[in-house]
Amino acid sequence: MTVSVKSSVVALRTAPINPDHWYVVAQSAEVTTKPLGVTLWYQAIALFRDGQGQVHALEDRCPHRQVKLSEGQVVGNHLECAYHGWQFDSQGHCAKIPYLTDKQKLPQCSLRVYPVQELDGFIWLYPGDLAVLERQKMQPMGLPEWSHLNYIASFTKIDCQGHFSFLIENLMDMYHGHLHDNYQAWATAALQNLTIQDNRVDAYYTAQSYYRIDKIWSISQLFFPALRRLHPEPLTVSYCYPHWRSQLGEDFRICCLFCPVSETQTRAYLVHFTSLEAFPKLHQLPIAFRQFLKDKLFNSARKLLEGLVEQDVVMIEQEQQAYLHHPEQRSYEVNPTLGKVQALIRSQAQGF
Ligand code: FES
Ligand SMILES: [Fe+2]
């Protein structure tokens with residue numbers, strides 16, 4: 001089947017996000033008492049950790065002279081602007097002006113405050129309608145494997161000059177293993193089934209995998225291609241709007257947490273989990289030892305992820321440039337997954 005995507009290509013490649021979801025704006029360790037400026041779909045946001053370790057997210061704009069609050073510092077539980085030292089509390093209200101006279105009152109200015117949660121190693125932020133959040137009791141997707149003793153986590157940041165649709169299409173199209181050569185964990189992918197729901201697309205492929213972690217030396221397969229032995233495994237990839245999850249066999253999981261920045265820029269975090277479930281007698285080991293092993297092996301697959309990301313980003317940025325130069329150019333597609341992904345992006349974008 002050949003699917004033409006000409007008819008609505010313009011809307012797709014400039015489609016806005018649906019803000020009524022939880023997005024990932026930083027890794028936990030990036031947010032300290034030194035404020036961090038991030039951008040989520042054209043909104044500049046200042047993240048900071050207060051004196052109690054709680055993370056807050058405020059509009060990154062000082063109401064005095066409109067400079068970036070993220071250039072300032074945290075004083076106790078307040079965020080202090082670098083320019084004249086005005087301070088703001090976590091509710092976005094001006095709490096102190098150091099040179100205010102006895103006869104003057106604090107101005108009633110208030111900054112936008114974003115709901116934010118620190119969960120499973122990342123900072124999840126909700127930029128949408130608070131009534132929808134309340135009504136639908138929406139929760140961040142989360143990564144249950146992050147703190148689970150049987151999973152070893154690694155992650156890397158993706159910064160690419162491309163619309164988020166190019167990145168999610170890359171992640172949902174398993175035929176692009178062709179690009180990755182020695183980095184790829186799968187081969188000979190073949191789409192078997194597709195399921196569609198309001199907020200997600202699941203694509204079920206079969207594939208060959210070299211990846212099986214059942215002995216202590218198995219992890220060396222990541223670095224020495226000659227040690228790999230291919231065997232058949234199911235490969236599932238899911239667009240759980242706005243994020244992505246995948247699973248290859250039992251032992252290999254990758255997620256991609258999205259922070260679309262603008263129509264031509266996307267940040268994301270690629271997080272990989274190696275399962276230790278296949279190790280015999282794992283559950284008999286003392287918890288302290290299992291935690292030690294988990295911590296010791298944290299980020300052991302980072303180089304692998306960085307290699308994959310580098311190759312993908314080159315392709316995605318070329319797609320973006322090609323679109324900018326020739327938006328009218330027709331693309332041809334034979335993987336029906338991508339049409340469903342595009343339809344989901346468009347339906348989520350409706351009304352924004
Ligand atoms: S601009 Fe922020 S205190 Fe003056
Ligand atoms: Fe890739």
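1. Buried residues account for 37% of the 352 residues in the protein. A residue is buried if 20 or more other C-beta atoms lie within 10 Å of its own, exposed if 12 or fewer, and partly exposed in between, with C-beta atoms placed from the backbone. The model is predicted: local features need pLDDT of at least 70 and side-chain atom pairs count only at pLDDT 80 or more, while totals for chains, interfaces and linings use all residues. Residues are numbered from 1 along each chain as its sequence is written, and chains are lettered from A and ligands numbered from 1 in the order in which they are written.

2. The protein contains 6 helices and 19 strands (DSSP runs numbered from the N terminus: H or I of at least four residues for helices, E of at least two for strands). Its radius of gyration is 23 Å, close to the 20 Å of the globule rule for 352 residues, so the protein is as compact as a globular protein of that length. The radius is taken over C-alpha atoms, and the rule is 2.2 Å times the number of residues to the power 0.38. Along the principal axes, the C-alpha atoms fill a box of roughly 80 × 60 × 35 Å.

3. Among contacts between residues at least 6 apart in sequence, 62% join residues at least 24 apart. A contact requires C-beta atoms, placed from the backbone, within 7 Å.

4. The domain assignment gives domain 1 (17-136) and domain 2 (151-349); such bounds come from an automatic or database assignment. Their centres, taken over C-alpha atoms, are separated by 32 Å. Domain 1 puts 12 residues into the contact and domain 2 puts in 11. On the domain 1 side, β2 (23-27) and β3 (36-40) each supply at least two residues, and β2 gives the most, with 4. That side divides into 8 nonpolar, 4 polar and no charged residues (Ala, Val, Leu, Ile, Met, Phe, Trp, Tyr, Cys and Pro count as nonpolar, Asp, Glu, Lys and Arg as charged, and the others, Gly among them, as polar).

5. Which residues touch the most other members of the largest nonpolar core? They are V24, V25, L47, I123, L125 and L270, out of 81 residues. Strand β17 (residues 252-262) gives the most to this core, with 7 residues. Domain 1 (17-136) and domain 2 (151-349) both give residues to the core, so it lies between them. A nonpolar core is a set of buried Ala, Val, Leu, Ile, Met, Phe, Trp, Tyr and Cys residues joined through C-beta atoms within 7 Å.

6. Apart from neighbours within four places in sequence, V24 is in contact with F122, I123, W124, L257, F258, C259 and Y269. I123 is the bridge partner, in β11, of E118. Strands β10 (residues 116-119) and β11 (residues 122-125) run antiparallel and are joined by 4 bridges; DSSP must find at least two bridges for strands to pair. The two form a hairpin with 2 residues between them, and D120 in the turn has a positive phi of about 50 degrees.

7. S110 is found in the loop between β9 (94-96) and β10. It counts as partly exposed because it has 15 C-beta neighbours inside 10 Å. Leaving aside neighbours within four places in sequence, S110 is in contact with G92 and H93.

8. An open antiparallel sheet has 4 strands in the order β6-β7-β8-β9. β6 (73-75) and β9 are the edge strands, each pairing on one side only.

Technical notes
Two residues are in contact if their C-beta atoms, placed from the backbone, lie within 7 Å.
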